[in-house]
Amino acid sequence: MSGKGSHRAELRQPGGSVGLILRFTSGFRLRLALGGVLLLAGTATSLTQPMIAQRILNRLVRDQGINGLLLALAGAVVLGTVVSAGGYFMVESVGESLVRRVRGLLVARILVLRTAVVDEAKPGDLVSRLVADTTLLRQVTTQAVVTSIIAVIALLGSLILMGLIDYVLLAVTLTAVLVIGVSVRWAATGIGRATGKAQEAVGLMAALLDRDLAAFRTVKAAGAEKHELGLLTDAADTAWRRGLRVAGWQAASGACASLMMQTSFLAVLGVGGARVASGRLPIADLIAYLLYMFFLTQPVTTLSGAWGQLKAGGAAVERIQAVLELAVEPIALEPPRTGGRQGDAPYRVRHPAEERPEGRGAAAVAFQQVVFMYRPGLPAVLKDVTFTVPAGGLTAVVGPSGAGKTSLFALLERFYDASSGRVLVDGRDVRDWPLTELRRSIGYVEQEAAVLAGTLRENLTLGLAGVGDDQVREVIGLARLGDVVEALPGGLDGWIGHRGGTLSGGQRQRIAIGRALLRRPRLLLLDEATSALDATNEAALRDTLTAAAAATTVVVIAHRLSTVIDAHQIVVLEAGGVRAVGTHDELLRSDQTYRELATTQFLAAGAPEVLERAR
């Protein structure tokens, strides 16, 4: 797909959908059905208990033996309890398995989202959908779908047996059940709407907190804790108010059901008592009917809650589905599974030897009339960019801030696609490369030099497997990471905190460079990779990059021209276009912009003698 803004993170708003819920149960339906059968068997056993009690009362009136019936009643109670417990456990286990599957799908989807989608999405909201919404999904699957089906069957069975006892009392009961159904349906709609809004508020709060944690030191340095606390408190208050609204609707639903059940019980007691007094109904039949009324309370309560849970779960499922429909890169990730089931596959990791297939050396790069804008309506950041990078050697890209330098690397990595024109690697359009193969050939050091929470070894070998200690030690030497190893408790296996907060900027840059070198890339991209280094480490790493350029293609974005004066070629960008291409000496003589950059930097550094090379 082209980079024309078609990947915007527009997350669909919830509206509730039983179809989506059932779709997620694919593969678990047999276990759900078996659990449902056990629950149904337990319910059927419970339905026999009032009938047995009725016979016990009739025998007592006639002064007949009841030992066998008592044993049958006790057996029905025990059997119903055990069978129902087994069914409940099976259904709940399916709910947990379902949550595990959906979370795996979400994680696998989020990790391959297009960069443009992630740029506009709220990471905290994505986390909220992964955690909170999947929990709601479990509840709706186990409690709303399965138990409501059992409750319907139990309700119908109870009403049929109650009708066999007395049709007049059944008419009284049916009136109450119909009123309950109407009131619960009304309340369930409100529950669904309120739950969707409450989940949105939770997502917003998570997004705000994620923003603050991502810029934790900046918030503290700016003294903005009070301001950010105000935003988070407002978000928490909004979530609280919306949660109260959900609770209110749920309370209204439960209260209506409870009120009508109690009213119907009193009505049945009154009407039934009158019929017993008139001789039209035996007292044993009235007691059996009242026992069924008590039994009826459970399915009615279950159904009243299930309607609300279906609406709430539908809102959660649609929020989950919205993530699963976001635009992704053409990379298929199989979520890792546990439990050893057949067909499960782990994430695939690579050995460094796979990074450089035999016979494939440094890569050549070409930009042909490339135009790029991040979204429609925004100005183009690259305009008709055309230049080539020969295989091997060091190429530098320089220019004022905002010239579009970093965007070149983003197109090479296919974080975005060019709006028009072509980006070629080895004469092949990057859009025609399998994405995993393309990125496997590239080592990329970002300007911010991201470091993940974990050990130093894990950061260096990120995405690789089977890396030997000798290879890691070699990279530690090349990237000048000896001081980091010595400073960390545990050395190479020492823990690095969240976002590398315990490290200096220069240490983070050296780790990122080490990670890129360990991949043995055919194309090495460095975006201001030495900007945070001191002069000694910068000079040492400059020698490392010069040596790497003998075996691979190195492209460096640099603001400090001192790091690239010996580059094989330098590309000067200005206002999104290529202004000039040449060596340092050639550009000093021929290009005014480059000469001004060099004059300013070298004079400021006290090295005007470098400019003599242009004379």
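## A tour of paired strands

Start by selecting residues 442–445, strand β6, together with β9: the two pair in the parallel sense over 4 bridges. Two strands pair if DSSP finds at least two bridges between them. Strands (E, at least two residues) and helices (H or I, at least four) are DSSP runs, numbered from the N terminus.

Before you go on, a word about the model. It is predicted, so local features need pLDDT of at least 70 and side-chain atom pairs count only at pLDDT 80 or more, while totals for chains, interfaces and linings use all residues. Residues are numbered from 1 along each chain as its sequence is written, and side-chain values use heavy atoms, with hydrogens and water left out.

**Stop 1: strand β9.** Select residues 523–527. In this strand, Leu524 stands opposite Gly443. Is β9 buried or exposed? 5 of its 5 residues are buried, so β9 is largely enclosed by the rest of the structure. Buried means under 20% relative accessible area, exposed means over 50%, and partly exposed lies in between (1.4 Å probe, protein chains only). Show the side chains: Leu523, Leu525 and Asp527 point one way, Leu524 and Leu526 point the other way, and all are buried.

**Stop 2: strand β10.** β9 and β10 run parallel and are joined by 5 bridges. Leu525 has Val555 as its bridge partner in β10, and Leu526 stands opposite Val556.

**Stop 3: strand β3.** Which strand is also joined to β10 by 5 bridges? Select residues 393–398, strand β3, which runs parallel to β10. Here Val397 has Ile557 as its bridge partner.

**Stop 4: Arg439.** Now move to helix α11, residues 435–440, and pick out Arg439. This arginine is buried, with a relative accessible area of 16%. Leaving aside residues up to four places away in sequence, Arg439 touches Glu329, Ile331, Glu413, Arg414, Phe415 and Arg519. Contact means heavy atoms within 4.5 Å.

**Last stop: the whole protein.** Zoom out to see 18 helices and 12 strands. Of the 615 residues, 47% count as buried. Among contacts with a separation of 6 or more, 77% are between residues 24 or more positions apart. The accessible surface comes to about 29000 Å², and 60% of that belongs to carbon and sulfur atoms. Accessible areas come from the Shrake-Rupley method with a 1.4 Å probe, and for residues only the protein chains shown count as cover.
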